[in-house]
Amino acid sequence: MIWAPLPGGLVVGLIAAVTATRWLRRRSYRYEDEADAPVRDPRWLWGVLPVAMGLVAVGWWPSSPSLAVLWGVMTIGLGVLSAIDLDVHRLPDRFTFPLAGVVVAGVVVVGLIDGTPHAIIRALAGGAALGAFYLLQVIIGGARGMGLGDAKLAVSLGMILGFSSWWHVFVATLAAYLIALVWGVGLILFRGAGRRTEIAFGPHMALGAVLVAAAPGVVALVGQL
């Protein structure tokens, strides 16, 4: 039973990666003054999305197929937003707002299907708390700190992570900062980055959340070996 959701998750993830990559290559999310900027091709989606969705399916399907589906949709959205942020260092409202709407509807539906109304309340509180946490950093850091797009993405992450537990919210947030720290050190050591080097934080937030979501799937697979 543990292995059953894996092929489906990989297939859906691969289709999503191909579709998302083809759309991203159009660069329709760019502003006019970004049209001539260097292109960063998100081919990494081909590897990240299928594996992430497969592991999420393995981890959540046995206990909550509806939550596994919601995480699958979330993973697609996070992949697209991460690619955009890496390319232009922005998280556009026309993607973060619809994603938040999908997550709100999703946690309500999953909570009703699974019979866990308390999880819905915790999810909404998690979204508000994590969004406020990032918004505070935006206010403190100003132009050189976090962007409003990060705070808006945090609302969606806080909701879907909070649906499971506050621990998920905390660990995923901590993971995002640790990943960003490692990435920053790598840029300094191997790319000659300095204090003024801009780093897109959205992908680190996304990766931290997906790692937490995929962790039960990794544990389940390792246990079957």
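Me: How many aromatic pairs does the structure hold?
Reply: This is a predicted model, where local features need pLDDT of at least 70, side-chain atom pairs count only at pLDDT 80 or more, and totals for chains, interfaces and linings use all residues. Residues are numbered from 1 along each chain as its sequence is written, and side-chain values use heavy atoms, leaving out hydrogens and water. Rings of Phe, Tyr and Trp (its six-membered ring) pair if their centres lie within 6.5 Å; planes under 30 degrees apart are stacked, over 60 edge-to-face and the rest tilted. By that rule, the number of aromatic pairs is eight.

Me: What kind of aromatic pair do Phe 133 and Tyr 134 form?
Reply: Their ring centres are 5.5 Å apart. With 85° between the planes, the pair is edge-to-face.

Me: Is Tyr 134 buried or exposed?
Reply: Buried means under 20% relative accessible area, exposed over 50%, and partly exposed in between (1.4 Å probe, protein chains only). Phe 133, at 38%, is partly exposed. Tyr 134 has a relative accessible area of 2%, so this residue is buried.

Me: Which residues have the most contacts inside the largest nonpolar core?
Reply: A nonpolar core is a set of buried Ala, Val, Leu, Ile, Met, Phe, Trp, Tyr and Cys residues joined through side-chain atoms within 4.5 Å. The largest one has 59 residues. Those with the most contacts inside it are Trp 71, Met 74, Tyr 134, Leu 153, Leu 157, Leu 161 and Phe 163.

Me: Which helix gives the largest share of this core?
Reply: Helices (H or I, at least four residues) are DSSP runs, numbered from the N terminus. Several give two or more residues to the core, including helix H1 (5-24), helix H3 (65-88) and helix H8 (202-224). The largest share is eleven residues, and the helix they come from is H3.

Me: Where is His 89, with its positive phi?
Reply: Phi of His 89 is near 55°, a positive value in a residue other than glycine. At 32% relative accessibility, His 89 is partly exposed. Its place is in the loop between H3 and H4.

Me: And where is Arg 27 found?
Reply: Phi of Arg 27 is also near 55°, and the residue counts as buried at 15% relative accessibility. Arg 27 is found in the loop between H1 and H2.
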